[in-house]
Amino acid sequence: MSELERKIDARQVLRAYQRIVEAGERDGDAHRLGELVASADFDGYTVTVSDDAVTVRVLFHSRVAIETGHPRALEAFVKRLDALVGPA
């Protein structure tokens, strides 16, 4: 796990999800606020926050799964999360 991946924790992602749902616009099954998109599975056990290049999922028992193709994309995503809800 990289240093940037360690900066993302489940509570920060869940706070971002809630802020996006409350302040963002509905976009199909998801909500969008700026460049961030938030969605949840039908049962609510998996919450996803993503942008064009990074997807972060909070899974059952607060495990975090991060999908990205490039470290700079992850760095930009972390900055977006920090700007939305503050650092982890």
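This is a predicted model: local features need pLDDT of at least 70, side-chain atom pairs count only at pLDDT 80 or more; totals for chains, interfaces and linings use all residues.

**Strand pairing around S4**

S4 and S5 run antiparallel and are joined by four bridges. They make a hairpin, with three residues between the strands.

Then I turned to the other neighbour of S4. Strand S3 (residues 36-40) is joined to S4 (residues 47-50) by four bridges, again with the strands running antiparallel. Ser39 stands opposite Thr48, and Ala38 has Val49 as its bridge partner in S4. S3 and S4 also form a hairpin, here with six residues between them. I looked into the turn and found Gly44 there, with a positive phi of about 80°.

Are the side chains of S4 buried or exposed? I checked both faces and found them covered: Val47 and Val49 are buried on one side, Thr48 and Ser50 on the other.

I zoomed out to the whole sheet. Six strands make up an open sheet with antiparallel pairing, in the order S1-S2-S3-S4-S5-S6. At the edges I found S1 (25-27) and S6 (64-68), each pairing on one side only. On average, neighbouring strands are turned by 20° against each other, direction ignored.

H3 (residues 71-85) lies across S2 (30-33), S3, S4, S5 (54-58) and S6. Against S5, helix H3 runs at about 55°.

Note on methods. Residues are numbered from 1 along each chain as its sequence is written. Side-chain values use heavy atoms; hydrogens and water are left out. Two strands pair if DSSP finds at least two bridges between them. Helices (H or I, at least four residues) and strands (E, at least two) are DSSP runs, numbered from the N terminus. Axes are lines fitted to C-alpha atoms, for helices over the stretch in contact, and angles run from 0 to 180 degrees between N-to-C directions. Contact means heavy atoms within 4.5 Å. Buried means under 20% relative accessible area, exposed over 50%, partly exposed in between (1.4 Å probe, protein chains only).
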